[in-house]
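Walk through this model one site at a time. Keep the sequence beside the structure as you read.

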Amino acid sequence: MAGTLVQFRLDNEMKDEADYICKQLGLDLPSYLKMCVSRLISENGIPFSMKNVYSSYDLMSILRTTSQIAAQNGTADMTLDEINEEIAEARKARLK
């Protein structure tokens, strides 16, 4: 499928930190950015709070804990499509 190239600039430190975090999560930065755009569209808005309430250490600790919980529940290897399907089903159930 042909796509559109989207480019933007980050300072080197920001890109390196983003690459590092994505690598820790088993992603690359372009895949993460595609996930963000997908959620932006599905939510029809920014799908998270813009308020910075966690330090980067707290955030990494939360992400590690979340990853461990996902592994324990057998959901760590879910695809983005599977995650989005579960979200859609939960929303439908909530509206009933």
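E85 is partly exposed, at 48% relative accessibility. The model is predicted, so treat each value as computed from predicted atoms. E85 sits in helix α4, which spans residues 80-95. It belongs to a negative surface patch together with D81, E82, E86 and E89. To join such a patch, a residue needs over 30% relative accessible area and no salt bridge. The 48% of E85 is the value to set against that area cut-off.

Most residues other than glycine have a negative phi. N44 is placed in a loop, with α2 (29-43) on one side and α3 (56-72) on the other. Its relative accessibility is 73%, so N44 counts as exposed.

Now the cysteines. How many disulfides does the model hold? The count is zero. A disulfide requires two cysteine sulfur atoms within 2.5 Å. For C22, the closest cysteine sulfur belongs to C36, and the gap is 8.2 Å, too far for a bond.

C36 is partly exposed, with a relative accessible area of 26%.

How values were computed:
Residues are numbered from 1 along each chain as its sequence is written. This is a predicted model: local features need pLDDT of at least 70, side-chain atom pairs count only at pLDDT 80 or more; totals for chains, interfaces and linings use all residues. Side-chain values use heavy atoms; hydrogens and water are left out. Buried means under 20% relative accessible area, exposed over 50%, partly exposed in between (1.4 Å probe, protein chains only). Helices (H or I, at least four residues) and strands (E, at least two) are DSSP runs, numbered from the N terminus. Patches are made of residues with over 30% relative accessible area and no salt bridge: like charges are joined within 9 Å, nonpolar side chains (Val, Leu, Ile, Met, Phe, Trp, Tyr) within 5 Å. Accessible areas come from the Shrake-Rupley method with a 1.4 Å probe; for residues, only the protein chains shown count as cover. A salt bridge is a side-chain nitrogen of Lys or Arg within 4 Å of a carboxyl oxygen of Asp or Glu. Lys and Arg count as positive and Asp and Glu as negative; His and the chain ends are not counted. The place of a charge is taken as NZ of Lys, CZ of Arg, CG of Asp or CD of Glu.
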